[in-house]
Amino acid sequence: MTKRIGILTSGGDCPGLNAVIRSVVKSATRRGWQVYGIPYGTQGLINLEQGRCTIEDFQLRDHGFDIPGLLRGVDILQFLSGSILGALNKGNPSDPDNAREILEGYRLLGLDALIALGGDGSLDIISDLAQRGHWNWIAIPKTIDNDIPFTEQALGFDTAVDTITRALYDLTFTAASHSRIIVAQVMGRDAGHLALRSGIAGGADVILIPELTPQITENVLDGICQQLVQLRQVDRQFALVVVAEGVHNHLGAKEKYIGDTLAQQIQAHAQRLCQAKSPTALINVCHLQDVETRATTLGHIQRSSVPSSLDRLIAAAFGCKAVDLIADEQYQQMVIWSHGQADSKPLDQVIPFIKQQHQAAVCPSPVTLGDPWVKTAQDLGIYIGEPVRLAETMMVTEQRNR
Ligand code: F6P
């Protein structure tokens, strides 16, 4: 039976969104369905309700995005970052007027089902609208932060890990040439997945993530300096420190440029230890002379590299799986990545959990003590926080997330 489906990208962009759009358009078109791309998330529905665009403006065809020459049709989309539908992480669908317009815009489109790509925040919001409007919908998890529960991987994460890993490679040589300690601040919101994986892949000597190092204490600075001493004892003068943006400062407050603060603190702490001449037993201060630090905030470059092959594969599989679910009229599902393939999980299990985590103000899917990459980092001798407090912190985090 022919269907009329919609697709929207909500929240921040990430690599692979366009590849999902391509996958949905291709597999739905092969079934003879019509696909409507809603621009700027729910704002597109408001625009439709207000008569600022027409339903025809939304239609996506397999040859809707021609680039003159050989690259015709939607196939170009799998190589492009961003979202051809635009991404918006503003707006307030909880405002009754906005909500009414969104629901009316959706009704005007006359869709059989909607595919919504979003992070935990957007999926939470869309689920409320979907419930009110009785929408048949399928969620696709996307975020470079990889903090969406019930999926082994969110779309966009793999590319961001690659981007950061490449940046760490580039930073290595300038760090080495100047015998500097380079602190790289990476995204991830309240989760440390990006920092942990890219830190390991990029050869970091120190990785600080909010789950293991909620804030930068004196003990943490001691631990970092101890790591620098150990490196210098084997004649390694430079070091790479990766800090996730979710790590808080010594007062327990979030800082936009925590990497800058950390870089300054490492340098000052090393100097203090040298001057004190009564270091803790663990620190051989003579190795800490001339510690010079620099900070780099990688910023939005992490969001827009060319999608990696894995993200393109995930995008292809997610798009086809979403269309399959709609064909089977199995609605209210989130497509997930599980054991190397696309699967699905009922949204009535996913959304209540996300809401509960949001209410408790905790990350819906943080790095856990059982994460194999934590052990790998430890086994490699990467400093990942205060060793004695590690298990304690992880226990608290796991209890909070239960
Ligand atoms: O959630 C994805 C993310 O890139 C986070 O890692 C980061 O904290 C945030 O979005 C940045 O948001 P914005 O693009 O609104 O500055």
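A polar contact is a pair of N or O atoms within 3.5 Å. With that cut-off in mind, I turn to the structure above, which is a predicted model.

I begin with the ligand. An N or O atom in the side chain of Arg189 lies 3.1 Å from one of the ligand's oxygen atoms, and this distance falls within the 3.5 Å limit. For Asp145, a polar side-chain atom is 2.6 Å from a ligand oxygen. His300 likewise places a polar side-chain atom 2.8 Å from an oxygen atom of the ligand. As for the accessible area, the ligand taken alone exposes 400 Å², of which the protein buries 72%.

The chain is divided into domain 1, covering 4-156 + 307-359, and domain 2, covering 160-302 + 368-401.

On the relation of the domains to each other, their centres, taken over C-alpha atoms, are separated by 36 Å. Nine residues of domain 1 are in contact with eleven residues of domain 2.

I close with the cysteines. A disulfide requires two cysteine sulfur atoms within 2.5 Å, and by this rule the count of disulfides is zero. Cys320 illustrates the point: the nearest cysteine sulfur belongs to Cys14 and is 17 Å away, and Cys320 is in no disulfide. Is Cys320 buried, exposed or partly exposed? With a relative accessible area of 34%, Cys320 is partly exposed, since that category spans the range between under 20% and over 50%. Cys53, by contrast, is buried, because its relative accessible area is 17% and buried means under 20%.

How values were computed. Residues numbered from 1 in each chain as written. Predicted model: local features only at pLDDT ≥ 70, side-chain atom pairs only at ≥ 80, totals over all residues. Heavy atoms only, no water. Polar contact = N/O pair within 3.5 Å; in protein donor to acceptor, adjacent residues only side chain to side chain. Areas by Shrake-Rupley, 256 points an atom, 1.4 Å probe, with all protein chains shown as cover. Buried < 20%, exposed > 50% of the residue type's maximum accessible area, 1.4 Å probe, protein only. Domains from an automatic or database assignment. Contact = heavy atoms within 4.5 Å.
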